[in-house]
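Thanks for coming, everyone. I'll keep this brief. Please look at the screen.

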Amino acid sequence: MNSSKDQAIVRASVVVDLSPAEAFALFTAGFDRWWPREHHLGKADLANAVLEAREGGRWFERCVDDTECDWGRVLACEPGRRLLLSWQIDPKWQIDPDPSHGSRVEVTFESDGSKGTRVSLEHSELARHGEGWEAVVKSVGAEEGWPGLLARYLAAGAPWKTASMS
């Protein structure tokens with residue numbers, strides 16, 4: 001993790017025992033399976049986390065009280081290969097609807113030979129969040145941030161493969 005303003009980037013990766021297409025599907029269509037219930041911004045408990053796998057799609061939460069909270073947008077979607085998301089959550093963990101303040105989360109899916117697929121995540125342009133951006137870098141780079149989230153994603157891989165084969 002770099003914390004200088006020009007290079008504020010958090011990186012994490014895992015190798016999942018799925019093809020790139022399956023790994024992409026788990027990340028997007030299966031997003032709610034691995035996203036932790038405690039990671040939400042709404043006042044009510046999280047009902048489900050949704051990632052619409054299409055350019056212009058939303059990345060959002062739906063709470064048990066039927067309220068929704070957009071976290072950002074899908075900027076690019078190349079199934080089985082790449083996903084680029086805007087992260088429009090400010091340093092106070094509030095939604096910032098101004099797209100010019102959003103950072104970028106890029107996820108790539110690359111075959112790793114017989115091991116499956118390397119899923120690499122890069123959260124960049126964090127300084128765009130303005131004052132307090134360093135706290136965002138620290139939080140998303142911590143074990144409870146992207147590294148832990150990708151560990152949950154990895155753990156969901158085996159059940160996902162079994163379910164998608166039936």
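Predicted model: local features only at pLDDT ≥ 70, side-chain atom pairs only at ≥ 80, totals over all residues.

Now, what does Glu78 do with its side chain? It meets the side chain of Arg81 in a salt bridge. The N to O distance there is 3.2 Å.

Next pair. Arg82 forms a salt bridge with Glu106. The closest N and O atoms are 2.6 Å apart. Where do these two sit? Arg82 is in strand S5 and Glu106 is in strand S6, so this pair ties together parts that are 24 residues apart in sequence. Glu106 is another partly exposed residue, at 24% relative accessibility.

Move to Asp32 and Arg37. Their side chains also meet in a salt bridge, at 2.4 Å from N to O. Asp32 counts as partly exposed, at 28% relative accessibility. Arg37 counts as partly exposed too, at 34%.

Some salt bridges join up. Which residues are linked in a network? They are Arg58, Arg62, Glu68, Asp70 and Arg73. Over the whole structure, the search finds 11 salt bridges.

On to the loops. Start with the one between strand S3, residues 58-63, and strand S4, residues 68-78. Asp66 lies in that loop. Its phi is near 70°, a positive value in a residue other than glycine. Why mention that? Because most residues other than glycine have a negative phi. Asp66 is exposed, because its relative accessible area is 64% and the cut-off is over 50%.

The next loop runs between strand S5, residues 82-87, and strand S6, residues 103-111. Gln88 lies in this loop. Is Gln88 buried or exposed? Gln88 is buried, because its relative accessible area is 11% and buried means under 20%.

What surrounds Gln88? Set aside its neighbours within four places in sequence. Its contacts then include Trp71, Gly72 and Arg73. Gln94, Ile95, Asp96 and Pro97 are also among them. So that list takes in Arg73, and Arg73 belongs to the salt-bridge network as well.

Trp93 has a positive phi of about 60°, although it is not a glycine. At 35% relative accessibility, Trp93 counts as partly exposed.

Trp93 leads us to the last topic, the largest pocket. Which residues lie nearest its centre? They are Trp35, His39, Trp87, Trp93 and Ser139. In total, 17 residues line the pocket. Its volume is about 270 Å³.

Which elements give two or more residues to that lining? Helix H3, residues 133-141, and helix H4, residues 146-165. H3 gives the most, with three residues. And what is the lining made of? It divides into 10 nonpolar, four polar and three charged residues.

Gln88 is the buried one. Trp93 is partly exposed, and it is one of the residues nearest the centre of the largest pocket. Thank you.

Conventions:
Residues numbered from 1 in each chain as written. Heavy atoms only, no water. 1 Å grid on protein atoms, 1.4 Å probe; cavity = no way out; pocket = protein on both sides within 12 Å on 5 of 7 lines; lining within 4 Å. Points joined across faces, edges and corners; volume = space filled by probe spheres on them. Helix = DSSP H or I, 4+ residues; strand = E, 2+ residues; numbered from the N terminus. Nonpolar A, V, L, I, M, F, W, Y, C, P; charged D, E, K, R; others polar. Buried < 20%, exposed > 50% of the residue type's maximum accessible area, 1.4 Å probe, protein only. Contact = heavy atoms within 4.5 Å. Salt bridge = Lys/Arg side-chain N within 4 Å of Asp/Glu carboxyl O.
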